[in-house]
Amino acid sequence: MRKYMVRRVITAVITLLVVACITFFLMNAIPGNPWLSEKTPTQATIDALNAKYGLDQPLFVQLGKYLGNLVQGDFGTSIKMQKNRPVLQIILEMFPVSAKVGILAILWAVVVGVPLGCLAAYKRETWIDSLLRVVCTVGISMPGFVVATLLLHTLCGGIEGVKLFPALFDGTPGSYVLPCLALGFYPMCYLSRQTRTAMLDSINQEYIKTARAKGLKNGVIVFKHALRNALIPVITYLGPQIAFTLCGGLVVETVFSIPGLGRYFIQSIQNRDYPLIMGTTIFLAAFIIVMNLLVDVCYKIVDPRINLTRGN
Amino acid sequence: MAKTKKYNKMGSLQPNIDDILDWNKLPENAFEPATATEKESFIQERESVSYWKDAWRRLKKNTVAMVALVIIILLTIFAFAGPQIVPYTYKEQIRGSEALDPWHYTLEDQQKINDYIEEHSGSKVLSVEEAIEQARAEAEANGETLSRVEEAKIRASANVKQESAADTEITAKQAAKELGIKSKAFGYSNRELQRKAEGEDVFPHVFGTDDQGRDIMVRVMVGTRVSIIVGVCAAILVLLIGALYGSVSGYCGGVVDNVMQRIVEIIYSIPEMLIILLLSATLKPALEQFQNSGDGVLQNLVTLLGPNLISMFIAFGMLYWVTMSRIIRGQILQLKQQEYVTAARALGAKGGRIISRHLLPNCVGQIVTTTFLQIPSAIFLESFLSFLGVGVSAPLTSLGSMCSEALSGLTSYPYRLFIPAAILSLMILTLNLFGDGLRDALDPKLKK
């Protein structure tokens, strides 16, 4: 276990380093510079600004300096979007909104998706199962923005007389409902499909027969014996799903105009605010990597049979 | 020793020598030549069922997959043949047909609706300026002049009247409902209706037009084409990189495999969406620069496909080959222990030949399935990027960017969003369903 953890942490650090380097060279390859606005500044102004923010130095020197600062927890300061404000401060201001939407979305996906999967497996080959299968297959084929706009249209005044939720995000509890519904829809469908397959697998196991032979109640068999074992593959799936939800958040934040980190990330690319692009990418990447690591550790706790050290 | 005939023991597989010697004593006419029909039937019987035929037979039994295949073919025809049939192009702005709905009223009906609206909007409401003019005229007639205060009062009351009139104003839709007029399918502008009445053949705007007068149906067709091209090209790129990397890693084994797998591990844990966003923002201008840099073969190729699309599937191909390479590596690790690989090596075949002629053909089922399932996920990603505004950009269009353009006018023109969204979802759905069917057909062992 310890050996595994060490290896994973080392890989995580290398990955972050790779992400930082890729991001750095990619963003410097985007034509244009941060100083372009309505009136084009003179070359002298650009040179002076470049010198001020150290952008006139060779790329490798810049990268080295940035990484050096990063190790000390310094993400640099924004050079355009919110001039001279520390990037970390901006991120910490924006991230809670994104995280709240993301967590609520995953939560409802799990709370609804897993029981639906159980239901489909329990009532297999009936109309309930077929209906759920159709809904879930359609659900995972719809891009996030389609779901989001569909919800926006039907529940926010597109149909006459129906205006349940505010169309624009304003921080009230009601305005969280639609973004979370939209963001959690895909994971919900995927989770319920996974749960169904896993449940069908575990229902056919010998220990279920034993439990039945002992005369246990149906509910106990399904929830205590079958579901617990079926949850293992479901947990594996949660890791990548957190990453997906964070990125899917980009779309949902655009549709509902949520002032979250995802939307800010796209704006910072468009504005060539280099420290902000670097900071956001590294922060999100680190978050995703840590989440994946946590999920893998949970995996081990849930199922002690799994031997992590021997690869996959 | 002449007559001591040796019989084999019961159940022995050893042939009896004497019997074999007896076979030479057959009479000369014991055999007769086969007739032509017999020869033919012989060949027919021996026709083998190849792997692909077998898979196709299984696939045909899968109704869902077949329906999905038919829809995919129809969508492809829609995307590639459609723009040839429709006389409009995706960037052509048709004057006088801006913002048409995908339905229309005939000219007579329009007249009726207009009359109805005029009748029912109550007393004619004066605009602010008109009200003041009127008051002034009245005042002059009485020999007085209008004071400023009075003017302001009139202005305010006229404003209020106008606002309340706007609230009670009857829309064309309500009027049509009252009159019992049903709209006809497809959008026509008034000018086009006129031309049609004169007996000309006018192609309708089946899905209406957008604010700039561009035909939505053609744009949807072109968008679908973009999606299909991105999907297929990205899948091919993923296949090439993944197959090469995976097979080398699996075949070489040892240190090479170890190093290559660590690299895969790192790429696997990179949050790909973030990098793809950056990558497509970077590649597009870079490719545009390259496109304008000269007139070589490569530059022409870039012009042909468009820098948009190329940057999209390069971004996809660069990060999504990892799954493919893992699958192929796993297969090759199993297959390289087989006897035929040892035999090939003993005959002096080189590594490259063994991989390409012996190993890869044997995992073709997995390769085809994985490649095919890349197509919907590439389309998914393309629409995602275009929706966020970093993918396909004007004048070229794609289903994702059409959706994002339609977002602002969602309440008035919901169909502008839902038509491309529906086609996109349908395409991804059918591709997924067909891919699942393909997997079951090509790899029956996996089926549960």
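Colleagues, I begin with chain B: helices α12(B) and α15(B) are oblique to each other. On the scale applied here, angles under 35 degrees count as roughly parallel, over 145 as roughly antiparallel, 65 to 115 as roughly perpendicular, and the rest as oblique. The model is a predicted one, in which local features need pLDDT of at least 70 and side-chain atom pairs count only at pLDDT 80 or more, while totals for chains, interfaces and linings use all residues. Residues are numbered from 1 along each chain as its sequence is written, and chains are lettered from A and ligands numbered from 1 in the order in which they are written.

Helix α12 of chain B covers residues 254–269, helix α15 of chain B covers residues 307–335, and the two pack at an angle of about 130° with axes 9 Å apart. Axes are lines fitted to C-alpha atoms, for helices over the stretch in contact, and angles run from 0 to 180 degrees between N-to-C directions. Helices (H or I, at least four residues) and strands (E, at least two) are DSSP runs, numbered from the N terminus.

Two residues are in contact when their C-beta atoms, placed from the backbone, lie within 7 Å. By class, five residues of the contact of α12(B) with α15(B) are nonpolar, one is polar and one is charged. Here Ala, Val, Leu, Ile, Met, Phe, Trp, Tyr, Cys and Pro count as nonpolar, Asp, Glu, Lys and Arg as charged, and the others, Gly among them, as polar.

Helix α15(B) also packs on helix α18 of chain B, residues 364–388, at an angle of about 155°, with axes 10 Å apart. The two helices are therefore roughly antiparallel to each other, and the crossing is right-handed. On the α15(B) side, the contact includes Met312(B), Phe313(B), Phe316(B) and Tyr320(B); among their counterparts in α18(B) are Gln366(B), Ile367(B), Thr370(B) and Leu385(B). The contact of α15(B) with α18(B) comprises eleven nonpolar, four polar and one charged residues.

As a whole, chain B has 20 helices and two strands. Of its 448 residues, 34% count as buried. A residue is buried if 20 or more other C-beta atoms lie within 10 Å of its own, exposed if 12 or fewer, and partly exposed in between, with C-beta atoms placed from the backbone.

I turn now to chain A. Chain A has eleven helices and zero strands, and its C-alpha atoms fill a box of roughly 85 × 60 × 30 Å along the principal axes. Of the 312 residues of chain A, 36% count as buried. Among contacts in chain A between residues at least 6 apart in sequence, 74% join residues at least 24 apart.

Chain A is divided into domain 1 (2–71) and domain 2 (93–302), with bounds from an automatic or database domain assignment. The centres of the two domains, taken over C-alpha atoms, are separated by 33 Å. In the contact between them, 14 residues of domain 1 meet twelve residues of domain 2. Helix α1(A) gives the largest share of the domain 1 side, nine residues.

How many residues does each chain bring to the contact between chains A and B? Chain A gives 38 residues and chain B gives 32. Of the side of chain A that touches chain B, the largest share, ten residues, again comes from α1(A). That side divides into 26 nonpolar, twelve polar and no charged residues.

Finally, two backbone points in chain A. Most residues other than glycine have a negative phi. Glu125(A), however, has a positive phi of about 65°; it lies in the loop between α4 (87–122) and α5 of chain A. With 7 C-beta neighbours inside 10 Å, Glu125(A) counts as exposed. Ser257(A), in the loop between α9 and α10 of chain A, has a positive phi near 45°. Ser257(A) is exposed too, with 12 other C-beta atoms within 10 Å.

Technical notes: A crossing is left-handed if the near helix is turned anticlockwise from the far one by less than a right angle, and right-handed if clockwise.
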